[in-house]
Amino acid sequence: IRVETSGCLIRGLNTVGMNAGSYGLLLNGDNNRVEGCFLGTDITGMIPQSNDGALYISGNHNVIGGLTPQSRNLICGTTEALTWSAYIQGSHNIIEGNFIGLDATGDAAMARETGIEIVGEHNQIGGDETAARNVIAGQRTSILASGAANNTIIGNYVGLDRTGLVDLTPTGDLGSIEAVRLDQGASGNIVGGATSEERNVI
């Protein structure tokens with residue numbers, strides 16, 4: 001699904017069975033909201049579906065998720081290697097309150113390679129409210145900031161289930177496992193904060 005316009009509310013979308021080279025949702029516009037969607041899974045949210053990435057954001061000032069359970073998105077890249085669940089190329093986007101790489105229960109992981117890859121600037125992953133927490137798990141790299149600048153990553157559970165008590169680190173021949181990786185000259189990014197609400201639990 002490709003969104004080129006701005007100011008839209010996308011709610012209750014389920015993207016399944018995408019072809020190789022396809023994304024579940026490609027968000028090119030600005031100031032859109034995406035809520036209550038299952039991106040990259042079947043309609044039950046329990047079985048991952050083929051795609052090269054569940055969510056691709058090249059637009060700006062979009063909000064993915066929200067502060068209520070009804071706003072939560074389930075975002076899951078394919079189980080194949082070399083894919084991501086969400087890719088953020090734009091700026092000033094907010095990703096909050098989502099399950100990324102997990103099934104609909106938030107208790108088991110389904111994705112494999114990268115949870116969120118950020119190459120843009122001034123994006124926020126999570127927030128300083130409990131409801132803004134993203135749960136990101138099951139991938140070889142949960143959060144990757146590649147050449148990205150001035151992004152904020154706060155208040156998330158990384159590599160854990162929705163309770164923050166169960167380790168969902170992937171197993172198998174995946175090489176090194178990374179919760180957060182900053183590379184390719186990434187600069188000015190903030191991971192965690194000075195308060196308990198802003199800490200990431202990894």
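Two strands are said to pair if DSSP finds at least two bridges between them. Strands themselves are DSSP runs (E, at least two residues), and helices are runs of H or I of at least four residues, both numbered from the N terminus. In this sense, β13 and strand β16 (residues 141–146) pair in parallel over four bridges. The structure is a predicted model, in which local features need pLDDT of at least 70, side-chain atom pairs count only at pLDDT 80 or more, and totals for chains, interfaces and linings use all residues. Residues are numbered from 1 along each chain as its sequence is written, and side-chain values use heavy atoms, with hydrogens and water left out.

**Parallel strands**

- Strand β10 (residues 84–88) is joined to β13 by four bridges, and the two run parallel. Within this pairing, W84 has T114 of β13 as its bridge partner.
- Buried means under 20% relative accessible area, exposed means over 50%, and partly exposed lies in between (1.4 Å probe, protein chains only).
- Five of the five residues of β13 are buried, so this strand is largely enclosed by the rest of the structure. Strand β16 is mostly covered as well, with six of its six residues buried.
- As a general point, the side chains of a regular strand alternate between the two faces of the sheet.

**Nonpolar cores**

- A nonpolar core is a set of buried Ala, Val, Leu, Ile, Met, Phe, Trp, Tyr and Cys residues joined through side-chain atoms within 4.5 Å.
- The largest such core has 25 residues, and those with the most contacts inside it are L55, I64, I75, I116, I118 and I125. At least two residues of this core come from each of β4 (25–27), β7 (55–57), β10, β13 and β16.
- Another core, of eight residues, lies apart from the largest one and includes L102, A137, L160 and L168.
- In soluble globular proteins, nonpolar side chains tend to be buried together.

**Two residues and their surroundings**

- Contact means heavy atoms within 4.5 Å. Leaving aside neighbours within four places in sequence, I118 is in contact with residues including I88, I125, I143, L144 and I153.
- L39 lies in strand β6 (residues 38–39) and is buried, at 0% relative accessibility.
- With neighbours within four places in sequence again set aside, the contacts of L39 include L13, L25, A54, L55, L74 and C76.
- L39 and A54 are 15 residues apart in sequence, while their C-alpha atoms are 5.3 Å apart in space.

**Salt bridges**

- A salt bridge is a side-chain nitrogen of Lys or Arg within 4 Å of a carboxyl oxygen of Asp or Glu. By this rule there are seven salt bridges.
- Side chains of opposite charge can pair when their charged atoms come close.
- R162 forms a salt bridge with D107, the closest N and O atoms being 2.9 Å apart. This pair links distant parts of the chain, 55 residues apart: R162 is in the loop between β18 (157–158) and β19 (178–183), and D107 is in the loop between β12 (99–100) and β13 (114–118). R162 is partly exposed, at 42% relative accessible area, and D107 is partly exposed at 36%.
- R33 and E35 meet in a salt bridge, at 2.9 Å from N to O. R33 is partly exposed, at 34% relative accessible area, whereas E35 is buried, at 9%.
- E178 and R181 form a salt bridge at 3.7 Å, N to O, and R181 is partly exposed, with a relative accessible area of 33%.
- Salt bridges that share partners join R11, R33 and E35 into one network.

**Cysteines**

- A disulfide is a pair of cysteine sulfur atoms within 2.5 Å, and the structure holds zero disulfides.
- C37 is in no disulfide, and its nearest cysteine sulfur, that of C8, is 12 Å away. C37 is buried, with a relative accessible area of 0%.
- C76 is buried, at 0% relative accessibility.
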